[in-house]
Amino acid sequence: MAEGLALPPDKAMDTAYPVRVQFRILGNPTNSYTNFMLLGMIANSMQIGTFLVAATLLFREYGRIRRIRRYGSALLVGVRGGLTWLTAFAVGMLVIAISHFHFGVPLAAPLWQFMTLTGAFLFLVVGICLLFSAVFPDPVMASQIPMVYVLPGLLYSGMSWPREWAGEWAASLSGLMPLTYYGVPLRDLSLRGFDPQFGYHVGIMLLGGLVCWLAATAVFAFQRRRYERRYKAEREKRRKMSKKENGTGEMESAAKESLRERRGSHGDTER
């Protein structure tokens, strides 16, 4: 009716309903989809990319017996995992900077909080990758099985659907996924400028990462001993076979020499 009086739609709405109630997302007053979801997608991409690279870090070491003897298990796990973490951290911070300067995503919190949260998250992710890599020496298994674990992370982390509304079993399952402690806190730091549980989230990821790194080192050392024993058994088997073949060859040579001597002595007798 108000619009029939030649009033614009917004003016007509204000005239008909002086008091209006509508929903607004906290920390995102413009209801921007980019601000709300881009950082979550970046976090999920960081996680999947790190898993694809780091899940096969250790399987090549099982075939390098001399290198394994020279370097300890902890050193190999630490160097390979550390370089992967450093590379992933540099790429992750670069992508976050691009989201801010190119796509206009706000970064309301101090930079050190973004760096601390991202570093702890990648420390946990790399630790899980090392554990999978140590448990599954086959590269196909080591790269496929972790995907079953990480792919539901975006759904259960609370980025796209609140954990409180997902049910008890889904909330318990999400507690085992790294993205749960990174996705929503990263968005809170970006839009609100703080994360109420910043220390808790960082502590959980660091503790979980430390457990995974230590477990990966222990499993890798155990697998290394198995491969060393197998290598020694195969080498001993080849040595015995070579010795047997050499012995057979010597016996054949002796038999031929004896046959020649008998033939020679028989020819002398006839003459």
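A crossing of two helices is called right-handed if the near helix is turned clockwise from the far one by less than a right angle, and left-handed if the turn is anticlockwise. This definition is needed below for two helix pairs.

The structure is a predicted model, in which local features need pLDDT of at least 70 and side-chain atom pairs count only at pLDDT 80 or more, while totals for chains, interfaces and linings use all residues. Residues are numbered from 1 along each chain as its sequence is written, and side-chain values use heavy atoms, with hydrogens and water left out.

The chain has 10 helices and 0 strands, where helices (H or I, at least four residues) and strands (E, at least two) are DSSP runs numbered from the N terminus. Along the sequence, the pattern accordingly reads α-α-α-α-α-α-α-α-α-α. Of its 271 residues, 35% are buried; buried means under 20% relative accessible area, exposed over 50%, and partly exposed in between, with a 1.4 Å probe and protein chains only. The accessible surface is about 16700 Å², and 64% of this belongs to carbon and sulfur atoms; such areas come from the Shrake-Rupley method with a 1.4 Å probe, and for residues only the protein chains shown count as cover. Contact means heavy atoms within 4.5 Å. Among contacts between residues at least 6 apart in sequence, 75% join residues at least 24 apart.

Two packed helices are described by the angle between their axes and the distance between the axes. Here the axes are lines fitted to C-alpha atoms, for helices over the stretch in contact, and angles run from 0 to 180 degrees between N-to-C directions. Helix 2 (residues 33–54) packs with helix 4 (residues 73–101) at an angle of about 160°, the axes being 11 Å apart. Helix 2 is therefore roughly antiparallel to helix 4, since angles under 35 degrees count as roughly parallel, over 145 as roughly antiparallel, 65 to 115 as roughly perpendicular and the rest as oblique. Their crossing is right-handed. On the side of helix 2, Leu38, Leu39, Ile42, Met46, Thr50 and Ala54 meet Thr84, Ala88, Gly92, Val95 and Ser99 of helix 4. These contact residues divide into 7 nonpolar, 4 polar and no charged; Ala, Val, Leu, Ile, Met, Phe, Trp, Tyr, Cys and Pro count as nonpolar, Asp, Glu, Lys and Arg as charged, and the others, Gly among them, as polar.

Thr84, in helix 4, counts as buried because its relative accessibility is 12%. Leaving aside residues up to four places away in sequence, Thr84 touches Ala54, Leu57 and Val126.

Helix 2 also packs with helix 9 (residues 183–191), at about 140° and with the axes 9 Å apart. This angle makes helix 2 oblique to helix 9, and the crossing is right-handed. Asn35, Phe36, Met37 and Leu39 of helix 2 make the contact with Leu186, Arg187, Ser190 and Leu191 of helix 9. The residues of this contact comprise 5 nonpolar, 2 polar and 1 charged. Helix 9 is largely enclosed by the rest of the structure, because 8 of its 9 residues are buried; among them are Gly183, Pro185 and Asp188. After helix 9 comes Gly193, with a positive phi near 90°.

Finally, Gly209 lies in helix 10 (residues 198–270) and counts as buried because its relative accessibility is 0%. Gly209 touches Phe123 and Leu124, not counting residues up to four places away in sequence. The C-alpha atoms of Gly209 and Phe123 are separated by 5.6 Å, although the two residues are 86 residues apart along the chain.
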